[in-house]
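Subject: Structure handover

Dear colleague,

Please find the structure below, with notes on what was found in it. Have a look at it first and then read on.

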Amino acid sequence: MTLVWLILIPFLGGLLCWQAERFGDRAPRWIALGTMLLELLMVLGLWISSDFSLPAEGAANAWTLEWQIDWIPRFGIQVHLAIDGLSLLMIALTGLLGAMAVICSWKEIVQRVGFFHLNLLWILGGVVGVFLAIDLFLFFLFWEMMLVPMYFLIALWGHSGSQGSSRIGAATKFFIYTQASGLLMLIAILGLVFAHHAATGNYTFAYADLLNTPLSETTAWWLMLGFFVAFAVKLPVVPLHGWLPDAHAQAPTAGSVDLAGILLKTAAYGMLRFALPLFPEASQAFAPVAMTLGLIGIFYGAILACGQQDLKRLIAYTSISHMGFVLIGIYAGTELALQGVVALMVAHAFSAAGLFILSGQLYERLHTRDMRLMGGLWGRIRGLPGFALCFVAASLGLPGTANFVGEFMVMFGAFGVAPWVVVIASAGLILAAVYSLFIMQRVYYGPPAEETPLAGLDRREMVLLFGIVALVVFFGIYPQPLLDTSAGAMQIVQQSVQQAGAMMGGAQ
Amino acid sequence: MSQAFVQALLAISPLILVSLTVIVVMLSIAWQRNHTLSAILTAIGLNVALLALLFGWTLGPVDVTSVLVVDDLSRFGGVLVLMSTLACVTLAHHYLEGYEGPRDEFYLLLLSAAAGGLVLVSARHMTTLFFGIELLSMPLFGMLAYTFRDRSALESGIKYMVLSAAATAFLLFGMALLYAVTGTLDFAELGASLSTRGSDPWLLAGAGMLLVGLAFKLSIVPFHLWTPDVYQGGPGPATTFLATASKVAVFLVLLRLFQSTLAFHENWWRDLLGFIAVITMLVGNLLALTQNDLKRLLGYSSIAHFGYLLVALVVNEGLAVETVGVYLVTYVLTTLGAFGVVTLVSSPYVATGGMADASPLHHYRGLFWRRPYLTAVMTVSMLSLAGIPFTAGFIGKFYIIAVGVEAHRWWLVGSVVLGSAIGLYYYLRVMVTLFLHEPGMQRRDATHDWAERAGGMVVLGVATLVILLGLYPTPMINWVSWVAGS
C-alpha cells in the first residue's frame, strides 16, 4: 500500500490546497510544502528500509516492493505498481524538486494560489505514477495525464513572453507535441499487446508478460519506434524538441523546475524501463541512429544556447545539450554508461533546477529575462551571483560536481561501444564551457546597467539554494549511494542489451 | 392472448409507454397549461419506460412482428436514447422558463422524437427504419425552430428540414432500388441477396443511396454541411437531443445494417468507407480549429467523433461492435456534459431576436472564477472529448485505436492520431478560455441556483460519471461486451 499512497498523497494534497485557498494565501503553500516533504520522507524511509543489493544472476527484475490489483479484466489490465532502485531515485528526486518548486514560487505566484498548487501537485502525482506503474496501460495513463496540469501551469501562470509568443501558444504546443507522440506510443503498446494475444491467446498489459513476446523483426522495429518517438519528444531529442524552449520561456519558475528537473527524466526513465528491455534487438539495431541523434542534440543545443538573449531559453537549450549525453549513455548499454545516465539525470535535475530558480529570482528583481538588459549584477545583488557561479560550474561539468561524475561515466562507459561518438561528444564539452561563461559574462560581469543595489537573498531563497549546492557537491564527491541504489535495476537493463547483442552477433 | 403476444407486448412496452406519455401530456396540456406539470409528467413517463426496458432485459431477444426486434443491442440503444432524452427534459425545463410563448409543446415533440429513436434502434426492416427516422426527425424540426422569433433558431429548423427532406429522398430511392432488385425489405434477406448478387449495379446504387441518407443524419463528410449552422442556431435542449439521442439511434441502425445487409467483405468497399472515415475526421477537426463559437465548435467536433466511430464499422469484426457500444456511451455522456453546460449558461431563455443562446466563446471567458463547479464539468467534458486519460473519452479512444490496430488498418489509426492532435488545439482553447481572467467582456452566466435544479444535477452527475468511468471502466466494458457478445 505504500506505493499507492506515494501516488495518492500529491493528488489529495492538491485537492486540499485548492480548498484551503479560502483560508488565505499561506495555507495552500504550507499544505503543498508539507505534502511534498511527506512524500520525500516516505521515499527516504523506503530507501533506508529496503535492500538494493544486486539481484541474482538471470533475475528478470529487481523489484523491492510490488502491489497489484485487477482493474479492467476484459483486457488483463491491472493496477500494478512496483519500485526498484531506479524508480526510487526518481521518486525521491520528484519529492525534493516538488518541495523546491513550492518554495521558489512562494512570492512569485500571487494569483489563484490554491489552484496553482493543485496543478503543481497533480503534475508531481502523475510523475510519481509514471515512475511506479509497470502495467503499460497504467503507465500510459499517467504519462498523458500529467500533461493537463502542466498545460494549465504554463497557460495560466506563465509569463507572456518575448517577441509576441504567448504563453497559451507555448502551452498548447507543449501539449500537442507530447500528446500526439503519446498516442503513437499507445499504438505501439496496443500492437505489442495484440502480438502477445496472437501468440498466447491472452490479453495482458503486464510488463513482465510482455517482456517475452515473440515478435518478428519488422514488427519489433516499428513498435520500438513508437515508444522511442514518444520518449524522444519528451527528452527531447533534436528534431522533436520544438516545444521545449517555448514552454520553458513562458512557464513560471516552478513549472520550469518541474519540467527540466523531472518531466524530462520520465522520458529517459521510459527508455530505460520500457524501450530497451521490451525490444532489445531492435533497440540494439537502432543504437547508432539514437547515438547520432544524441550527438546532434549536444551540439545543436549548445550552439543555440550561445545565441540566446532570453536567460530561460538559454538554460532550456543547455538542457537539450545535456540530454544528448543521456541518450548516448542509454543506447551505449554498458553498465557503466547506464549508471552514468542515472547520475547525470540526478545531477542535471539539480543544476537545471538551480539555474531556473536563479533566473526566476532575477526576474522577480529585474522584471526581465533579457540578458541584454542585465550585466554587472555581481556588485548589485548580494549572494545570488555566487550561487550562479556554482550552478554554472556544475552545468559545464566541473570536477567535484555531480554532473562531472555523470558525464564522465557516460563517456567512459560508451567509449568501448562507440569510440568515435565519445570523441565527438567530448568536443561538445567545450561548447558547454562557452555557453556557461556566456551566462556569467553577460549577466553578472561587464558594465552594470544601473548602479542601484537590488534586494539580496532572503532566508528562504538562501536555504533553498544552499540545499541544492550542497547536494550537487555531495554527489559530486561521493556518488556511491546513488550508484549502489540503481545498480540492480541497471544491471537488468544491461543484461537484456547484452543478450540482444550476443544474439545479433550469433546471427551474423 | 398467446404467450408470444404477451412477450412481444412486454418487450416493446418502453415504446408503448413513451407513446402513451405523449398522449397523457397532450391531454394534460389541453386540460390546463402548467409548464412544471408537463415536464414532470414527461420525466415520469420516460423513467417508467426506462424501468420497463431494464426489466424487459430478462426476456432475452424477442421478435415483435416481422419488422421490429428487441434484442440486447436495441435495449442498449434504448437506454442511451431514454437517458439522453431525460437529460434534455431537465435542461429544457430550466431553459424554457424564460420563454414567453407556449412552453409545454416542447415536451410533446421531445417525447415523439424519443419514440422515433426507440423504433429506430429496434428496426430490422426498411419500413421501420424509414418510419423511425421520420418520427425522429419531424419533431426535431419543431424543436430546433421552437424559439422561432430568434432568426437563428428559425434558420436552423428550416435548414434541417430542407436538408432532411433531401436525405429522405435518397433513403427512399435507395430502398426502392433495393426492393426492385431483390423483392424484399427485410435486413437479413436483403443481406443474403446482396451477398449472392453483390455486383449488380442497381443493388450497389441502392445500398449507396441508403448510406447517403443515413450519413446525412450522422453528418458524415461530405454530407455534414448543415451541422454547424443547425447546432449553433437551435435552442440548447434541442441541440442536445440532436447531438445525443438522435445520433445514437441512427448510428445503431447503421451498425445493424452493417451486421446484416451491408456486410460486404470486398476490399474496395472497405477502402471507400475508410476514406470517408479519414476525411470525416480530418475535415471535422480542421474546420473546428478556427471557430469562435462554442456550439459550432462542438458541431464540428461531433463530425470528427463520428469519423472515429466509422473506423469500427470499416473493420466490422473482432472488437468492432464492442467499440461502437463503448464509444457511444462515452460520447453521449461527454456531449451531455458539454451541451448541458452551454444550455445552463443560456438558461433561462432570453429573447434577443437574433442569437438567443450563449454560444460565442467569449461569453465563457473566466467562467471558472464565477462558477467553478460548472466550469469543472465543462473542463471534464472537453478533456473527455479530447480523449485524455482518466476520463471516459479516453476509454472510447482506446477502443477505437485498439480496433484499428487489431485489424492492421494503419492508415485509419494514423488518421485518428492526427485528428486527435488537431482536435486538442481547439479543445484546449475552450478549456483555457474558461480559466482566463479578463474583465470587461460581454458574458453570460448560469443562474445562481443552477446546481440545485434538476438540469444542474444531471450535468454534475454526468461529469462525475465521465470521471468514474475513466477511473474504473470495468462495469461499462463488461456491460457492453456482454451486449456485443450475445
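A residue counts as buried if 20 or more other C-beta atoms lie within 10 Å of its own, as exposed if 12 or fewer do, and as partly exposed in between, with C-beta atoms placed from the backbone. A:Ala302 is buried, because 25 other C-beta atoms lie within 10 Å.

This is a predicted model, in which local features need pLDDT of at least 70 and side-chain atom pairs count only at pLDDT 80 or more, while totals for chains, interfaces and linings use all residues. Residues are numbered from 1 along each chain as its sequence is written, and chains are lettered from A and ligands numbered from 1 in the order in which they are written.

Confidence

The model has an ipTM of 0.89 and a pTM of 0.92. For pLDDT (the predictor's confidence in each residue, from 0 to 100), chain A averages 88, with 97% of the residues scoring at least 70. In chain B the mean is 90, and 98% of the residues reach 70 or more. Among the elements of chain A, the lowest mean pLDDT, 82, belongs to helix H19 (residues 480–507), and the highest, 93, to helix H4 (residues 113–132). Helices (H or I, at least four residues) and strands (E, at least two) are DSSP runs, numbered from the N terminus.

Chain A

A:Ala302 sits in helix H12 (residues 280–306) of chain A. Two residues are in contact if their C-beta atoms, placed from the backbone, lie within 7 Å. Neighbours within four places in sequence aside, A:Ala302 is in contact with A:Ser321, A:Gly428, A:Leu431, A:Ala432 and A:Tyr435. A:Ser436 is 134 residues from A:Ala302 in sequence, and their C-alpha atoms are 9.7 Å apart.

At what angle do helix H3 (residues 85–104) and helix H11 (residues 253–278) of chain A pack? The angle is about 170 degrees, and the axes are 8 Å apart. H3(A) is therefore roughly antiparallel to H11(A); angles under 35 degrees count as roughly parallel, over 145 as roughly antiparallel, 65 to 115 as roughly perpendicular and the rest as oblique. Axes are lines fitted to C-alpha atoms, for helices over the stretch in contact, and angles run from 0 to 180 degrees between N-to-C directions. Residues making this contact include A:Leu86, A:Met90 and A:Leu93 of H3(A), and A:Val257, A:Asp258 and A:Gly261 of H11(A). By class, the contact has 12 nonpolar, 3 polar and 2 charged residues. Ala, Val, Leu, Ile, Met, Phe, Trp, Tyr, Cys and Pro count as nonpolar, Asp, Glu, Lys and Arg as charged, and the others, Gly among them, as polar.

Between the chains

In chain A, 24 residues are in contact with 22 residues of chain B. Strand S1 (65–72), helix H5 (136–145), helix H6 (147–157) and helix H7 (167–200) of chain A each supply at least two residues of the side that touches chain B. H7(A) gives the largest share, 13 residues. That side of chain A has 19 nonpolar, 3 polar and 2 charged residues.

Chain B

Chain B has 19 helices and 2 strands. Buried residues make up 60% of its 486 residues. B:Leu287, in helix H12 (residues 267–288) of chain B, counts as buried because it has 21 C-beta neighbours inside 10 Å.

Regards
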